[in-house]
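Subject: Handing over the two-chain model

Dear colleague,

Here is the structure that I promised to pass on, and my notes on it follow below. Please read them with the coordinates open.

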Protein chains: 2
Amino acid sequence: MARSWAAVRTWLGCPGLLGCFLLGFLMGWFTKPNEPPPSTSDIYENVRQKLVDEMKAENIKQFLRSFTKLPHLAGTEQNFLLAKQIQGQWKEFGLDSAELVHYDVLLSYPNETQPNYISVIDDQGNEIFNTSSFEPPPRGYENVTDILPPYNAFSPQGMPEVKNAILAGAQGIILYSDPADYCAPGVDPYPDGWNLPGGGAQRGNVLNLNGAGDPLTPGYPAKEYTFRYKVNEGVGIPKIPVHPIGYHDAEVLLRAMGGPAAPDSSWKGSLNVSYNIGPGFADSSSTRKVRMHVHSNSKITRIYNVIGVLRGAVEPDRYIIFGGHRDSWVFGGIDPTTGAAVLQEVVRSFGKMKMEGWRPKRTIIFASWDAEEFGLLGSTEWAEENARVLQERAVAYINTDSSIEGNYTLRVDCTPLLYRLVYNLTKEISSPDEGYEKKSLYESWLEKDPAPENNSYPRINKLGSGSDFEAYFQRLGIASGRVRYTKNRKADKFSNYPVYHTVYETFELVEKFYDPTFKKQLTIAKLRGKLVYELADSQIIPFDCRDYGEALKGYSNRIYKLAKKHEEQLKTYKVSFDPLFSAVVNFSEAAAEFHRRLEKVDKKDPLAVRIMNDQLMFIERAFIDPLGLPGRKFYRHVIFAPSSHNKYAGESFPGIYDAMFDIESKADQQEAWEEVKRQISIAAFTVQAAAGTLKEVA
Amino acid sequence: MARSWAAVRTWLGCPGLLGCFLLGFLMGWFTKPNEPPPSTSDIYENVRQKLVDEMKAENIKQFLRSFTKLPHLAGTEQNFLLAKQIQGQWKEFGLDSAELVHYDVLLSYPNETQPNYISVIDDQGNEIFNTSSFEPPPRGYENVTDILPPYNAFSPQGMPEVKNAILAGAQGIILYSDPADYCAPGVDPYPDGWNLPGGGAQRGNVLNLNGAGDPLTPGYPAKEYTFRYKVNEGVGIPKIPVHPIGYHDAEVLLRAMGGPAAPDSSWKGSLNVSYNIGPGFADSSSTRKVRMHVHSNSKITRIYNVIGVLRGAVEPDRYIIFGGHRDSWVFGGIDPTTGAAVLQEVVRSFGKMKMEGWRPKRTIIFASWDAEEFGLLGSTEWAEENARVLQERAVAYINTDSSIEGNYTLRVDCTPLLYRLVYNLTKEISSPDEGYEKKSLYESWLEKDPAPENNSYPRINKLGSGSDFEAYFQRLGIASGRVRYTKNRKADKFSNYPVYHTVYETFELVEKFYDPTFKKQLTIAKLRGKLVYELADSQIIPFDCRDYGEALKGYSNRIYKLAKKHEEQLKTYKVSFDPLFSAVVNFSEAAAEFHRRLEKVDKKDPLAVRIMNDQLMFIERAFIDPLGLPGRKFYRHVIFAPSSHNKYAGESFPGIYDAMFDIESKADQQEAWEEVKRQISIAAFTVQAAAGTLKEVA
């Protein structure tokens with residue numbers, strides 16, 4: 001399945017200020033794991049504050065500049081060298097270990113000798129127009145080699161002609177970035193502004209992996225000894241060629257084929273029909289064809305994650321994972337390097353504390369993932385290799401992909417378990433926004449983006465997919481979250497940021513237009529760093545299960561409201577949501593009761609604390625159904641999944657939602673509603689089972 | 001799929017003496033969970049010894065007598081009343097709680113008004129012979145009502161005629177117990193001896209569940225709100241009628257159809273062919289037909305588990321489960337009540353200790369399962385309902401089905417993690433065998449049944465299925481074991497014990513023939529009780545992961561030896577077992593290294609101990625593949641599974657084994673060997689991943 005450009009990637013970040021924070025129990029450094037750690041609260045306050053104070057905008061800037069000088073495409077020498085550089089720095093910074101972990105996964109590259117392009121062919125068979133096979137490089141990067149032209153990774157090879165394709169079924173898909181989607185009004189194209197130039201084209205992969213990771217080794221890590229399916233048996237590889245072009249080329253192409261002279265928003269999307277004669281080309285376009293030339297090759301290629309460990313002093317077997325990808329389509333000016341630079345500064349800061357003698361209570365695992373752009377491959381393979389250890393020991397996963405996708409306000413997607421922690425932390429951090437100098441990040445965020453269901457809180461979104469948290473959250477059920485700075489969702493109607501996944505994503509783009517002071521990235525570094533710190537060092541894991549109860553209540557009301565559109569059928573087929581509502585009530589009660597017990601726990605009793613922390617850690621895991629969602633076995637979270645219709649968005653109760661989607665068009669209504677009932681039953685059971693994990697352990 | 005009688009049930013028990021024992025670290029009762037429990041070793045020794053001394057043969061005898069007076073078929077009032085009686089006793093005995101937990105599962109019963117039978121029909125269509133529709137009841141039980149006649153549960157209804165069925169495909173299956181399989185030479189039929197009378201017929205279910213539990217709710221507990229498939233969509237329900245008959249009826253039937261006058265071992269098994277004329281019936285049998293009359297009904301019926309809890313003092317969130325079934329086909333004289341009586345005496349003994357002020361470190365969960373005879377339903381539904389909590393917290397599962405299936409020596413099937421504990425415990429227990437009065441159970445066991453691969457140890461078998469440990473071991477990966485007294489495997493060639501699953505399984509059968517002193521059952525009670533005790537109360541969980549390494553070595557050599565029979569194909573298709581061998585070596589090294597660390601752990605540090613105990617607890621879980629075995633998704637243990645060809649037996653590396661089974665007959669050899677390679681890869685990865693869980697946690 002190919003997806004149009006408008007829906008290929010989104011994970012950028014959101015700055016914010018740091019500050020201090022609550023939930024301060026005991027902490028342990030230099031302590032024998034056995035005894036209650038010394039609770040000298042000044043040392044504690046010291047590290048909390050020092051960790052934040054240690055982070056500097058200037059460092060993030062330098063990391064960003066350093067990491068974006070060359071392209072770092074997955075599977076290339078440059079990206080391997082960057083991995084080694086990061087590994088070396090992490091060791092210097094003081095981590096206990098930093099290792100390269102490799103996998104041999106299926107990647108896809110343009111053919112070096114046969115460029116990909118689209119041509120218009122006249123009735124003589126002559127190519128009368130060819131699309132550009134490269135993007136004009138930005139100033140200062142003209143001499144950089146190894147810039148891969150725009151392409152869609154994992155497109156099959158082919159030279160289909162798409163005349164009248166609509167009658168025969170599409171034989172190929174041409175994607176272009178419409179100015180209506182990729183240009184903000186009144187903004188110049190890069191380099192004079194941050195809009196997409198007409199020669200820019202958005203790269204992306206066109207796999208439909210549904211969480212499988214490497215297409216040839218679904219479910220297992222792509223190691224040397226691993227059985228591999230043949231490429232034609234691989235997971236999610238499309239059957240027809242796909243290729244992206246810029247809007248200048250699109251305009252010519254559309255005109256040549258009889259479309260409007262200039263693209264507008266009514267002309268976006270796939271171009272797989274032929275158009276009537278229009279202005280621009282004098283002769284009849286009815287005899288013209290469009291021919292796609294796609295010669296990309298897929299090949300099994302070695303990729304490298306960097307895995308760094310800061311060992312916990314008290315519970316070394318409890319892990320907080322802080323990971324983001326390192327690979328980029330070209331320079332990765334925003335994606336992912338505003339995230340990778342933040343990761344680097346956060347590691348440096350934790351390393352500094354460690355070298356001064358401190359350790360967190362729990363172990364922190366830092367990860368620089370590879371091949372995210374090719375389908376979240378590095379992070380998924382590592383999750384597959386370490387699934388057993390992670391499901392037993394991982395407390396949380398915090399993502400560190402791009403830290404900005406705009407500069408307007410904070411954007412947060414996370415498990416309900418983290419709502420309260422995020423709210424609390426943002427209240428302690430001052431806002432980096434102009435005009436909010438004396439206010440907290442929470443305040444500017446709340447004012448700029450209140451939650452639609454309750455505007456006394458800032459909006460927090462459900463986790464979908466589109467970045468490396470996917471395997472950790474959707475497959476393994478590890479509590480996850482991501483934060484970044486974003487654009488104004490009401491005013492800014494363009495997709496992503498305009499130059500997304502083009503050669504124009506450079507250091508200068510960020511420095512000139514997005515975050516000249518690097519304060520927003522610094523804010524995100526502090527917020528991400530503080531999330532990791534609190535998860536790793538709070539005596540009680542800072543999850544609040546009551547918020548999960550509230551969230552479940554909202555999701556169950558919402559899915560019921562959707563179902564009520566079929567009131568007749570609900571009666572005819574005896575579809576009841578009562579078991580789900582009842583399970584949600586039970587969960588909320590169990591959560592409230594758990595919280596009361598948690599407040600009374602003897603904090604000097606390490607086993608009593610561990611027992612309750614284990615219950616907290618395993619709440620998210622309780623929502624995992626080992627049987628997976630229908631047709632998507634690697635999406636196993638019953639409450640959340642990437643939407644079946646837009647992988648970036650999260651869907652709640654996805655099993656029920658998908659069973660009801662377009663249900664009126666299904667031939668066998670009885671069967672279709674039986675499946676809805678089955679999905680309600682699974683959801684009700686899962687929520688009920690999760691409630692069971694919160695009860696007293698015996 | 002119907003299975004022949006010869007392979008329907010096996011789980012009986014094995015007595016032995018108790019004794020004292022080692023592995024004595026600290027214990028905690030009356031202790032605040034926080035502090036190291038008082039290690040007053042006399043109290044410790046006291047409870048260990050008192051627990052064993054408390055158990056009495058006479059009590060087991062009284063429980064057996066009381067529980068076998070009436071039939072206790074699953075789903076009947078009598079079995080519900082027995083559940084309540086047991087619940088009441090467990091409370092009296094002092095457990096913290098004892099609850100009935102119900103499920104509504106598909107059961108199957110004969111029709112009360114239309115009996116099941118087989119008839120021979122002459123050429124006029126007259127029924128000239130009908131098989132008996134009941135077993136002659138044993139002396140003293142003539143007035144008992146509610147004895148269900150022999151039947152095969154879940155047989156579809158039908159009246160197929162099986163003349164020439166061999167040409168048309170079998171339309172029905174008639175099972176009979178051949179004297180060659182169910183009579184020991186020189187032994188009288190019951191009640192004068194323990195052989196099967198000619199009127200006895202073996203009950204059993206004919207489902208092919210592969211671990212699914214209730215056929216209508218696979219993967220989920222059969223609660224009120226649960227979605228149910230229709231019966232015709234249910235898991236594993238056979239398509240053709242099946243019915244069991246005794247050997248007297250079989251003899252007439254065979255003669256009428258032209259078979260030999262008397263059945264012998266060459267005439268056992270399914271009767272779905274027509275036979276040539278033979279002696280006995282004067283007229284031509286060639287015009288006769290056999291007609292089956294099967295009118296059983298399946299119906300959704302409420303079943304009840306009794307779940308008792310003895311809360312742990314130190315780690316209440318760590319569970320040892322001790323469970324066995326309560327339901328029986330009729331009186332259940334051996335199966336399951338020699339196990340249920342042992343369960344009762346073990347609960348009584350633990351309860352006594354608790355009432356004297358003691359508690360185990362970890363929580364013990366006692367379970368009296370229902371509807372085991374219908375497909376392990378009660379235990380599987382409870383495992384499904386509590387899967388999340390169990391996979392996070394269950395240390396071990398010890399089964400307590402029938403404690404005898406013979407009276408010759410001990411039989412043990414368990415995870416390699418328990419080998420050493422079983423060996424150690426049996427060394428401390430004196431043998432109940434005649435002629436071994438001064439010897440240990442270990443010694444008599446070793447002498448009577450040495451391991452085939454190394455006769456300096458007694459034999460321990462792999463776990464297959466056929467009893468309630470299945471969901472816990474094969475699906476959830478909880479370390480499991482079962483012990484019982486058994487027959488002489490070399491001398492006793494009959495299947496099971498002769499009256500297995502007939503009305504002749506009575507209290508008197510046990511009292512007169514199998515265990516008149518009840519010493520073997522007492523020995524089993526003590527061994528099972530001690531296993532539970534050591535698992536619940538040892539500071540370090542008494543698992544030895546080095547034995548798993550040794551076992552894996554043996555299994556990998558064995559599967560390689562099997563593969564070597566196809567040496568040519570191994571070369572042609574480049575099939576290598578090296579990754580598996582290499583993973584096994586890695587596992588063994590990790591196990592040795594883990595053990596060295598374990599010996600050095602600071603036992604006064606509760607978190608350090610907990611961390612290593614968690615690693616021990618999760619070893620078995622590490623062998624679970626969430627994707628399951630091919631075609632058997634609820635069998636998820638990569639190292640062990642019930643054999644695809646005999647569910648009672650365990651198969652090692654079942655994925656590889658099944659892929660190679662009968663491989664020469666497969667049409668596409670390339671494809672068949674690719675699947676072998678895939679399975680080797682999965683096995684190698686899983687062993688490697690399990691090794692990873694044993695490494696230092698950070």
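In chain B, 7 strands form an open sheet of mixed pairing, in the order β1-β9-β11-β10-β12-β14-β13; strands are DSSP runs of E of at least two residues, helices are runs of H or I of at least four, both numbered from the N terminus, and two strands count as paired if DSSP finds at least two bridges between them. This is a predicted model, in which local features need pLDDT of at least 70 and side-chain atom pairs count only at pLDDT 80 or more, whereas totals for chains, interfaces and linings use all residues. Residues are numbered from 1 along each chain as its sequence is written, chains are lettered from A and ligands numbered from 1 in the order in which they are written, and side-chain values use heavy atoms, with hydrogens and water left out.

The edges of that sheet are β1 (97-109) and β13 (409-414) of chain B, each of which pairs on one side only, and its neighbouring strands are turned by 20° against each other on average, direction ignored. β1(B) pairs with β9(B) (residues 297-310) in the antiparallel sense over 13 bridges, and within this pairing B:H102 stands opposite B:Y304. Helix α7(B) (residues 337-355) packs on the sheet, touching β9, β10 and β11 (362-369) of chain B, and its direction makes about 150° with that of β11(B); contact means heavy atoms within 4.5 Å, and axes are lines fitted to C-alpha atoms, for helices over the stretch in contact, with angles running from 0 to 180 degrees between N-to-C directions. Helix α11(B) (residues 441-448) lies across β13 and β14 (479-486) of chain B, at about 90° to β13(B).

In chain A, 3 strands form an open, antiparallel sheet in the order β3-β2-β8, with β3 (127-130) and β8 (289-293) of chain A as the edge strands and a twist that averages 30° from one strand to the next. Strand β2(A) (residues 117-121) and β8(A) pair over 5 bridges, and A:I121 has A:K289 as its bridge partner in β8(A).

Turning to the interface, 56 residues of chain B are in contact with 55 residues of chain A. The area buried between the two chains is about 5000 Å², of which carbon and sulfur atoms give 64%; buried area is the accessible area (1.4 Å probe) that two parts lose on being put together, summed over both. B:Y220, B:R388 and B:F685 supply 16% of the area that chain B buries against chain A, more than any other three residues.

Between chain B and chain A there are 4 salt bridges, defined as a side-chain nitrogen of Lys or Arg within 4 Å of a carboxyl oxygen of Asp or Glu. A:D614 forms a salt bridge with B:R610, with the closest N and O atoms 2.9 Å apart. Among the elements that give two or more residues to the side of chain B that touches chain A are α18 (606-622) and α20 (669-694) of chain B, and α20(B) gives the largest share, 12 residues.

Some backbone details also deserve a look. The peptide bond between A:Y190 and A:P191 is cis, with omega about 15°, and so is the one from B:D335 to B:P336, with omega near 5°. B:P336 is placed in the loop between β10 and α7 of chain B. A:N496, which is not a glycine, has a positive phi of about 45° and lies in the loop between β14 (479-486) and α13 (507-514) of chain A.

With best wishes
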